[in-house]
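Subject: Structure for you to look at

Hello,

Here is the structure I promised. Please open it and keep it beside this email as you read.

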Amino acid sequence: MNKQYIYPQNMKASASLWLWSLKDFLIIVVGALISAVILATTRLMIPAVIVAVFAFLSIRSDETTVLDFVKYAIKYFISSQQTNYWKLGDDKNN
């Protein structure tokens with residue numbers, strides 16, 4: 001009686017469900033339930049929009065979220081200085 005066990009490739013990776021980590025997925029589900037109750041009682045869409053934005057920003061791909069990509073882009077294009085070094089070409093090579 002041989003039992004075969006299937007293990008993930010990376011044992012140190014965090015557990016995930018579809019596109020989110022389990023913690024983020026739980027936050028999204030609870031937030032969606034609460035925002036549905038608020039929407040049904042008060043017709044207020046703000047909590048549902050906040051949950052949708054959080055769900056989009058917490059999509060995970062290769063241990064990097066969309067929010068991380070946005071932070072990297074802001075750092076690269078806005079907050080950090082870009083330096084360029086120009087070098088004159090040799091006359092022999094032209």
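Below is what was found in it, starting with the overall picture.

This is a predicted model, in which local features need pLDDT of at least 70, side-chain atom pairs count only at pLDDT 80 or more, and totals for chains, interfaces and linings use all residues. Residues are numbered from 1 along each chain as its sequence is written, and side-chain values use heavy atoms, with hydrogens and water left out.

**Overall**

The protein has three helices and four strands. Along the sequence, they run β-β-α-α-β-β-α. Helices (H or I, at least four residues) and strands (E, at least two) are DSSP runs, numbered from the N terminus. The protein has 94 residues, and 14% of them count as buried. Buried means under 20% relative accessible area, exposed means over 50%, and partly exposed lies in between (1.4 Å probe, protein chains only). The accessible surface is about 8,900 Å², with 64% of that belonging to carbon and sulfur atoms. These areas come from the Shrake-Rupley method with a 1.4 Å probe; for residues, only the protein chains shown count as cover.

**Aromatic rings**

Three aromatic pairs turn up in the whole structure. One of them is W20 with F25, a tilted pair at 6.3 Å centre to centre and 35 degrees between the planes. For a pair, ring centres of Phe, Tyr or Trp (its six-membered ring) must lie within 6.5 Å; planes under 30 degrees apart are stacked, over 60 edge-to-face, and the rest tilted. W20 is buried at 18%, while F25 is partly exposed at 22%. Y76 and F77 are edge-to-face, because their planes stand at 85 degrees, with ring centres 4.9 Å apart. W18, W20 and F25 make up one aromatic cluster.

**A nonpolar patch**

Y76 and F77 also belong to a nonpolar surface patch, together with L67, V70, I74 and I78. Together the six have about 630 Å² of accessible area. Patch residues have over 30% relative accessible area and no salt bridge; like charges are joined within 9 Å, nonpolar side chains (Val, Leu, Ile, Met, Phe, Trp, Tyr) within 5 Å. I78 sits in helix α3 (residues 66–79). I78 is exposed at 67%, and so is F77 at 65%. Y76 is partly exposed at 48%.

**Salt bridge**

How many salt bridges does the structure hold? One. E63 pairs with R60, their closest N and O atoms being 3.9 Å apart. The cut-off is a side-chain nitrogen of Lys or Arg within 4 Å of a carboxyl oxygen of Asp or Glu.

Best wishes
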